[in-house]
Structures are given as structure tokens and as C-alpha cells.
Amino acid sequence: MNQRADHPDSRAPRHRSVVIVGAGPAGLTVGNILRAAGVDCLVLETETRGFIERRPRAGVIEEWAVRGLERRGLARDLLERAEPHTACEFRFDGERHRFSYGELTGGHHWVYPQPLLVTDLVREYVDVRGGTARFGVRGVRLYGLDGDRPSVSYVCPDTGQREVVTCDYVAGCDGARGVTRACVTPGRVRVARHDYGIGWLALLAEAPPSADCVLFGCHPDGFAGQMPRSPEVTRYYLQCPPGDDPANWPHERVWAELRRRLEVAGAAPLTEGPLIEKRVLDMHDYVTEPMVSGRLFLAGDAAHLVAPIAAKGLNLALHDAFLLGDALVARLTGGDGGGLAGYSAACLRRVWDYQEFSQWLSELYHGTAAGDPFRAGTTLARLRRLFTSPTAAAAFAEQYLGTAARY
Ligand code: RFL
């Protein structure tokens with residue numbers, strides 16, 4: 001088929017086996033897996049390399065995901081620098097309740113800031129495995145996804161010219177605000193959404209953590225959380241009205257509210273510091289089903305968003321990327337398309353399980369502040385059950401660690 005004749009752009013197209021849109025954890029992991037197998041690919045990213053290497057986001061990575069990275073030669077720096085975490089602490093009713101899931105299960109999380117992971121993945125993809133990436137591109141468009149030779153065009157930042165690349169497959173890894181999700185064939189894909197009606201003020205403080213583990217403050221005035229990121233930087237969250245303006249939260253108000261919701265008898269006072277990030281997140285989820293449309297395969301936040309309530313988004317992005325990378329390699333090197341055919345269903349089992357856990361956890365975090373004495377009562381019962389019922393504790397630990405065998 002003459003792509004140039006069909007294509008709205010006139011410049012001669014180049015060919016790549018796979019075009020990956022988006023250089024986040026999902027796209028870079030797919031790219032690294034393809035390069036390790038010698039598959040020719042191109043990563044397109046709207047931001048600069050420096051920007052994506054500094055963009056603060058997640059930090060909690062599940063053990064199976066780290067092992068998945070390690071198996072693919074992508075966890076060397078992570079395993080040297082990341083902190084294993086084995087406990088979290090719930091604070092409610094004026095008391096602290098430590099939940100030692102490490103003791104209970106032998107499992108743990110790793111805490112490794114997302115910018116460090118992205119830095120490692122870009123270095124490995126570009127500098128070690130010789131992958132091609134174009135940063136700072138504009139106007140990415142996809143064509144011919146239902147045929148056997150799709151194409152992708154983008155505006156090159158150096159020349160201002162629209163470039164065209166034909167390919168065998170497109171990996172849509174461009175996150176929640178990307179363009180690939182909108183390119184699915186209408187009517188073939190369903191998007192299921194959920195809105196929590198809750199906002200979180202997401203904060204990064206230039207200060208050491210106030211406790212050695214994740215803190216969940218379930219307070220009648222609203223949820224507050226603390227997540228250690230590094231010895232110098234700590235993430236905090238404060239429940240706030242959705243759509244709230246971060247300007248409503250000056251330094252003094254933030255720390256007063258964090259103290260009110262997190263400080264309890266017997267706990268060290270919070271370690272305060274300058275706030276280097278302050279943004280309001282409206283808590284919502286979505287799932288695109290199936291995650292495939294013709295030759296376009298969606299992965300990570302492009303396919304599904306899970307609110308940061310349960311710290312699952314990066315983990316799901318890696319899970320998708322492992323499955324997609326391996327399936328593309330199998331298809332493009334040996335001809336086995338089974339992995340691609342089963343890709344969406346295999347991803348969605350974990351996606352829906354994590355979405356359900358996020359909903360369950362949301363009630364645990366926010367139920368006491370709902371202004372409804374009945375919900376406050378049932379939420380406190382749910383919280384106490386974690387510390388009185390070994391069965392409930394085991395179920396929570398399994399979901400929190402993402403260790404269920406059924407995936
Ligand atoms: P990303 O990381 O958003 O990367 C997508 C990339 O695509 C680029 N892009 C485009 N490129 C080309 N053309 C376009 N048209 C494009 N549009 C966008 C973007 O610039 C970007 O570089 O998606 P990916 O790879 O799917 O990874 C998802 C994770 O980043 C996300 O799920 C997590 O950060 C969510 N999350 C957390 N997940 C965890 O597992 N554990 C956590 O502790 C955790 N904490 C968080 C979080 C997300 C947060 N925010 C900001 C919503 C904490 C926060 C505050």
C-alpha cells in the first residue's frame with residue numbers, strides 16, 4: 001500500500017517496527033524491552049528530557065514490579081538506592097496504629113522517586129541500548145490504525161516540519177492527557193469512569209520525613225497523608241474540596257492542617273519545611289476497555305487512571321509495559337501473536353482489582369470526614385478491624401502489596 005498517497009502529509013515517511021508515544025515509565029519500559037531484543041522503535045515525547053527527569057510524582061513501587069524491572073536489566077540503580085518499606089501507620093481517634101505488613105507477610109514496597117526511575121530508564125534506552133527518542137515534539141497524530149501499516153506524524157521541534165513515520169504497531173503510553181486514547185475506533189472501546197467528589201492537595205516538602213513509614217491520617221476534618229520520598233523530600237496530601245485553588249493553602253495553613261490531622265499522642269511532631277510543590281488533584285478513575293484498537297495498544301495512564309489513593313498508577317503502568325513489551329517482541333521476532341491477542345485482558349485483571357482496592361481505601365481515608373455519623377461509624381469499624389482481625393489484616397496486606405496470585 002502506498003502510504004504517501006494515503007497520508008495527509010507529503011514528506012517521505014520512515015519506517016519503524018514500533019512507535020511509542022510518551023516517555024513516561026510505561027513508554028520507556030516498553031522501549032527498553034524492545035531495544036534489548038533488537039527491535040527498531042521510536043519514542044516520541046512532548047516534554048524535554050530534562051523536564052521528564054525532574055517531574056515529581058510517584059514513589060511507592062511494589063516488589064513484583066521491581067523484580068520485573070530487574071529481570072529486564074532495568075533495576076540496577078533502583079536496587080542500590082531505593083528504600084524497602086515494611087509498614088504503614090494509620091492515625092485515627094487520636095491514636096496511632098502501626099500496620100507491619102512486612103512482619104505479617106514477609107513482603108515489602110520499595111520507595112524510589114519516579115523522576116529517578118525515569119532518569120534510569122531514559123539513560124538505559126537512549127545511552128545504553130541505542131534507542132531513538134524525539135523530545136519536545138508537537139502535534140502527534142495517528143493514522144491507519146485499523147490497517148496493517150499505521151503511521152504517526154509529529155512536528156519536529158528543530159525544523160518545525162511535520163515528520164511521518166510508518167510502523168507495524170503503535171504503543172500509546174502518553175498518560176492521562178495524551179492524544180492516543182482519543183484515537184481508538186469509536187464504538188469499539190468503552191471508557192468507564194468514576195469520580196470520588198474529593199480533592200487532594202498534593203504537596204512536596206523540602207524536609208526529611210516526619211515518620212519512617214507512610215502515614216494515613218483518617219480525621220473528621222479530612223484525610224491527611226505522609227509518604228517518605230528521600231531523606232530530603234517528603235510528600236504530603238491533604239483532603240480538600242475538588243477544584244480548590246492551591247493559593248488558598250499558604251504555608252502556615254498547610255502545616256497547621258497537617259498537624260491537626262496527623263499529630264496524635266506519642267508521635268513525634270511533624271518535620272516542617274518549604275513547600276516545593278502544591279497542586280490540587282480531583283480524585284477520579286477511568287478504565288479504557290479493551291486497551292487495544294487495531295494496531296494501537298494503550299498502556300499505563302493512557303489506558304487507565306487510578307487516583308493516587310492507593311499508590312497504584314505507576315505499578316499498573318509497569319505491569320502493562322512488561323506485558324506489551326514482551327508481547328511485541330514475541331510478535332516481531334518470532335511471529336507469536338498470542339501475547340498481543342491476550343494483552344488487554346491480562347492487564348485489565350490487575351487494573352480492575354486495583355481500582356476496587358482504591359474505592360475501598362477511599363472510604364477508609366475519607367469516610368470519617370463525610371459529615372455523616374453513620375459513615376463515620378462504619379469507617380471506624382473498618383479501620384479497627386484491620387487491627388483486630390487477622391483475616392482482614394491479611395486481605396489488606398495482599399491488596400496493598402499487590403501480591404495476589406490470581407493475576
Ligand atoms: P506518564 O508518567 O504520565 O507519562 C506519559 C508521558 O507522555 C507524555 N505525553 C506525550 N508525548 C507525546 N505526545 C503527546 N501528545 C503526549 N502527551 C503526553 C508526557 O509528557 C509523559 O512524559 O504515564 P505512564 O508512563 O503511564 O506512567 C503513569 C504514572 O506516571 C502514574 O500512574 C503515577 O505517577 C501515579 N502516581 C503513583 N503511582 C504509584 O504507583 N505510586 C505512587 O506512589 C504514586 N503517587 C502518582 C502519585 C501520581 C500523582 N499525580 C501527579 C497524579 C502521586 C501523584 C501526586
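Visitor: Which residue ranges does the domain assignment give for domain 1 and domain 2?
Guide: This is a predicted model, in which local features need pLDDT of at least 70 and side-chain atom pairs count only at pLDDT 80 or more, while totals for chains, interfaces and linings use all residues. Residues are numbered from 1 along each chain as its sequence is written, and side-chain values use heavy atoms, with hydrogens and water left out. Domain bounds come from an automatic or database domain assignment. For this protein that assignment gives domain 1 as 14-57 + 114-192 + 285-355 and domain 2 as 80-112 + 196-284 + 386-401.

Visitor: How many residues of domain 2 are in contact with domain 1?
Guide: The C-alpha centres of domain 1 and domain 2 lie 31 Å apart. Contact here means heavy atoms within 4.5 Å. By that rule, 15 residues of domain 1 touch domain 2, and the number on the side of domain 2 is 15.

Visitor: What area is buried between domain 1 and domain 2?
Guide: Buried area is the accessible area (1.4 Å probe) that two parts lose on being put together, summed over both. Between domain 1 and domain 2, carbon and sulfur atoms give 50% of this area. The area buried between the two domains is about 1,300 Å².

Visitor: How many residues of strand β1 are buried?
Guide: Strands (E, at least two residues) and helices (H or I, at least four) are DSSP runs, numbered from the N terminus. Buried means under 20% relative accessible area, exposed over 50%, and partly exposed in between (1.4 Å probe, protein chains only). Strand β1 covers residues 14-21 and is mostly covered, its buried residues numbering 6 of 8.

Visitor: Which residue of β2 stands opposite Ile20?
Guide: Two strands pair if DSSP finds at least two bridges between them. Strand β1 runs parallel to β11 (residues 162-172), joined by 7 bridges, and there Val18 has Tyr169 as its bridge partner. Strand β1 also pairs in the parallel sense with β2 (residues 41-45) over 4 bridges. In β2, the residue opposite Ile20 is Val43.

Visitor: Which strands form the edges of the open sheet of 8 strands?
Guide: The order of this sheet is β6-β5-β13-β14-β15-β12-β16-β19, with mixed pairing. Within it, β12 (residues 190-205) and β15 (residues 234-240) run antiparallel and share 7 bridges, with Leu201 partnered by Leu238. The strands that pair on one side only are β6 (95-99) and β19 (304-305).

Visitor: Which residues does His251 contact, leaving aside its neighbours within four places in sequence?
Guide: His251 belongs to helix α8 (residues 251-262) and is partly exposed, at 34% relative accessible area. Gly273 is 22 residues away in sequence and 9.2 Å away in space, C-alpha to C-alpha. The contacts of His251 beyond its sequence neighbours are Glu272, Gly273, Pro274 and Leu275.

Visitor: Which residue meets Glu53 in a salt bridge?
Guide: The structure holds 24 salt bridges. Glu53 is partly exposed at 23% relative accessibility. The partner, at 3.1 Å from N to O, is Arg49.

Visitor: How far apart are the closest N and O atoms of Glu62 and Lys312?
Guide: Glu62 and Lys312 are both buried. Glu62 lies in strand β3 (residues 60-62) and Lys312 in the loop between β19 and α9 (313-334), so that this pair links parts of the chain 250 residues apart. The closest N and O atoms in their salt bridge are separated by 2.5 Å.

Definitions and conventions. A salt bridge is a side-chain nitrogen of Lys or Arg within 4 Å of a carboxyl oxygen of Asp or Glu.
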